[in-house]
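Here is a colleague's note on the model, written as numbered points. Please read it with the structure open.

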Amino acid sequence: MTPVSDPSSFSTVSKCATKHLNLIYHVDFDKRVLKGKVALTLEVLEDKFSSLTLDSKDLKIFKVSANGQAAQFEVGTKHKSKGSPLEITLPFELSRGQHVIVEIEYETSPSATALQWLTPTQTVGKKHPYLFSQCQATHCRSMIPCQDSPSVKHTYYAQVSVPKELVALMSALHDGQVPDPSDSSRVIYRFRQPVSVTSSSLTESWEIGPRSRVWSEKENVDEAAFEFSETETMLKTAESLAGPYVWGQYDLLVMPPSFPYGGMENPCLTFVTPTVLAGDKSLAGVIAHEISHSWTGNLVTNRNWEHFWLNEGHTVYIERMIARCMESEHLRQFKGIGGWKELQESVNQFGANNVLTNLVPNLHEVDTDEAFSSVPYEKGFALLYHLEELLGGPEVFMGFVKSYIQLFAYGTVTTEEWKNYLFTYFKDKVDILNKVDWNAWMHTPGMAPVKPNASLSSSFFSIKAKEEDLASFTEEDVKKLKSPQLIEFMALLLQEEPLPLSHVKKMQEVYQLNSVKNAEVRFRWLRICVRAHWEEAVPLALKMATEQGRMKFTRPLFKEVYNFSKYSDKALNTFKENRGALHPVTAMLVAKDLKING
């Protein structure tokens with residue numbers, strides 16, 4: 001393994017490596033803290049080892065011991081985004097190859113960025129509180145003192161004490177539950193994760209396959225079971241493409257509306273936004289994406305966040321291969337066109353010369369949350385699709401992807417190692433690979449240097465209607481479109497100059513788009529309306545921005561209203577009123593978008 005420093009971590013990954021975590025948590029909803037104890041089993045990687053550094057963020061550290069002996073510790077100066085180094089001095093010296101168990105007693109902060117505490121009124125059921133964690137990219141350190149770097153992978157065991165009317169779930173296999181001996185009103189849930197992973201509620205469940213259950217608040221469980229009924233077919237398709245699924249269970253947890261992402265690929269338990277519950281299975285791509293992460297992201301992991309495209313580009317590639325196998329090549333191409341538009345939007349937002357649009361960005365002194373965008377997903381996919389076209393087509397290139405996964409399984413990888421293996425695998429086509437402009441792809445900002453040669457034209461919609469054409473609009477124009485086509489239609493409109501207000505009003509009159517439930521369609525439609533300065537759409541846009549907290553929707557909706565100068569103050573005031581209900585990362589980024597300091 002090539003030693004690669006991690007600019008987003010303080011931890012001494014070159015001196016020692018975590019092999020196992022043993023976690024004990026007491027979840028305190030009243031104080032909004034986790035009272036915890038973690039035992040890290042560390043393998044020593046150098047001689048004369050007597051000190052180490054862990055990542056921490058806003059943790060109260062009470063006690064540290066090493067192999068049962070008291071150890072000295074000091075929490076260092078807080079960095080603006082990385083938290084604080086936890087410096088630990090051992091009471092003895094160890095040699096390379098030895099192991100030590102470092103045990104830390106601590107408590108999280110009520111403002112821990114990995115945790116979102118919801119009151120009963122913020123849930124669907126309105127009866128019980130809810131807690132979820134979101135550790136990617138560098139937030140695990142706010143709930144566990146650890147080596148918070150994707151270069152470190154370990155197994156774990158956990159025991160979580162919660163009020164007995166609640167259920168605890170983790171990214172691991174369930175290992176039973178017992179009454180909490182210290183409090184008869186609580187129960188302890190136990191979990192084990194035997195496959196090495198990175199550091200990255202009241203529910204009901206419904207079985208949707210031989211190795212899958214869907215969990216959600218009971219109000220959503222029937223709709224979720226319908227929406228995700230093809231999960232086992234997707235899993236089998238992914239296995240046929242990428243190799244065996246090694247994690248045992250594949251469960252889905254429908255999150256509260258404030259969850260900031262479309263999905264999160266926690267091993268054994270994928271978190272998914274409720275905005276995918278469209279009632280027509282049209283947004284199953286989110287599940288295909290998270291399933292694909294079981295191989296690229298969880299099984300093979302980027303060494304640090306500068307190589308994040310290795311996770312996301314390959315995952316998007318496999319996700320679209322699943323769509324190809326289950327539906328058609330036509331759908332895969334269609335998704336590729338939509339992805340190119342998302343890349344264009346990210347590049348426009350950052351600026352074409354911004355180094356954060358590099359496929360491999362430099363993240364020294366960069367907050368990983370602020371670097372997040374569709375670039376690693378779609379620029380990464382564009383590169384893989386370009387290589388597929390050069391090297392022999394989808395079956396040939398998928399053979400490489402599967403082989404790459406097998407080679408680096410259970411480990412971590414850098415872009416250089418991936419590229420070296422690409423040249424090794426296609427050793428008879430090195431002349432083709434040498435013609436690829438690798439610097440333009442990897443280290444140059446802006447759009448990808450080659451646009452995927454999608455065989456499906458995206459110009460099949462006439463969107464330049466004149467005023468006198470409006471009478472020819474009919475309900476059938478939209479009825480004949482499937483949801484992915486309607487999403488694409490809206491995306492095309494967003495790339496044009498703002499539509500005249502008369503056009504937007506006519507579209508609503510004929511197509512009744514305000515009543516569409518599909519979140520991807522609704523999000524784009526409301527942006528089109530606000531851009532056209534249709535004042536009636538402003539409250540609808542702000543309602544969608546606040547009734548859910550998925551960053552993909554919330555940030556652009558707030559920005560669109562803010563940019564409508566008459567309603568800038570309305571956007572600011574609505575955000576300030578609802579800030580407490582948003583995930584901390586979402587709130588921080590929306591505040592930045594709206595130019596709010598502090």
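1. A residue is called buried when its relative accessible area is under 20%, exposed when over 50%, and partly exposed in between. Glutamate 365, at 48% relative accessibility, therefore counts as partly exposed. Please keep in mind throughout that this is a predicted model.

2. Glutamate 365 also deserves a look for its backbone. Its phi is positive, about 60°, although the residue is not a glycine. Glutamate 365 sits in the loop between helix H5 (329–350) and helix H6 (368–371).

3. Glutamine 512 belongs to the loop between helix H14 (501–511) and H15. With a relative accessible area of 42%, glutamine 512 is partly exposed.

4. Another backbone feature to inspect is the peptide bond between glutamine 136 and alanine 137, which is cis, with omega about 0°. Alanine 137 is placed in the loop between S10 and S11.

5. Methionine 143 lies in the loop between strand S10 (130–133) and strand S11 (154–163). Is methionine 143 buried or exposed? Its relative accessibility is 9%, so methionine 143 counts as buried. Setting aside residues up to four places away in sequence, methionine 143 touches Tyr25, Leu34, Leu59, Tyr106, Thr108, Ala114, Leu115, Ser133 and Cys135. For leucine 34, the sequence separation from methionine 143 is 109 residues, while the C-alpha to C-alpha distance is 7.5 Å.

6. Two serines can be taken together. Serine 81 is in the loop between strand S6 (72–75) and strand S7 (84–94), and at 10% relative accessibility serine 81 counts as buried. Not counting residues up to four places away in sequence, serine 81 touches Lys57 and Asp367. Serine 5 is in the segment before strand S1 (16–28), and at 53% relative accessibility serine 5 counts as exposed.

7. Which residues does the UniProt annotation "binding site" cover? According to that unreviewed entry, they are His289, His293 and Glu312. These residues span 24 residues in sequence, yet no two of their C-alpha atoms are more than 9.0 Å apart, so they gather at one spot. The annotation comes from the record and may be inferred rather than shown by experiment.

8. Histidine 289 is part of helix H3 (residues 285–292) and, at 9% relative accessibility, counts as buried. Beyond residues up to four places away in sequence, histidine 289 touches Glu312, Thr315, Val316, Glu319 and Tyr377. Histidine 293 is in the loop between H3 and strand S19 (301–302). Its relative accessible area is 0%, so histidine 293 is buried. Leaving out neighbours within four places in sequence, histidine 293 is in contact with Glu265, Asn298, Leu299, Asn311, Glu312 and Thr315.

9. Now the helix pairs. Two packed helices are described by the angle between their axes and the distance between the axes. For helix H8 (residues 394–408) and helix H9 (residues 415–425), the axes come within 11 Å and cross at roughly 125°. H8 and H9 are therefore oblique to each other, and their crossing is right-handed. From H8, the residues Val396, Phe397, Gly399, Phe400, Ser403, Tyr404, Leu407 and Phe408 meet Glu417, Trp418, Tyr421, Leu422 and Tyr425 of H9. By class, the residues of this contact are 10 nonpolar, 2 polar and 1 charged.

10. The second pair is helix H15 (residues 519–531) with helix H16 (residues 537–547), whose axes come within 9 Å and cross at roughly 140°. That makes H15 oblique to H16. Is the crossing of H15 and H16 left-handed or right-handed? The crossing of H15 and H16 is left-handed. On the H15 side the contact is made by Ala519, Arg522, Phe523, Leu526, Cys529 and Val530, and on the H16 side by Ala537, Leu540, Ala541 and Met544. The contact of H15 with H16 has 9 nonpolar residues, no polar ones and 1 charged.

How values were computed:
Residues are numbered from 1 along each chain as its sequence is written. This is a predicted model: local features need pLDDT of at least 70, side-chain atom pairs count only at pLDDT 80 or more; totals for chains, interfaces and linings use all residues. Side-chain values use heavy atoms; hydrogens and water are left out. Axes are lines fitted to C-alpha atoms, for helices over the stretch in contact, and angles run from 0 to 180 degrees between N-to-C directions. Helices (H or I, at least four residues) and strands (E, at least two) are DSSP runs, numbered from the N terminus. Angles under 35 degrees count as roughly parallel, over 145 as roughly antiparallel, 65 to 115 as roughly perpendicular and the rest as oblique. A crossing is left-handed if the near helix is turned anticlockwise from the far one by less than a right angle, and right-handed if clockwise. Contact means heavy atoms within 4.5 Å. Ala, Val, Leu, Ile, Met, Phe, Trp, Tyr, Cys and Pro count as nonpolar, Asp, Glu, Lys and Arg as charged, and the others, Gly among them, as polar. Buried means under 20% relative accessible area, exposed over 50%, partly exposed in between (1.4 Å probe, protein chains only).
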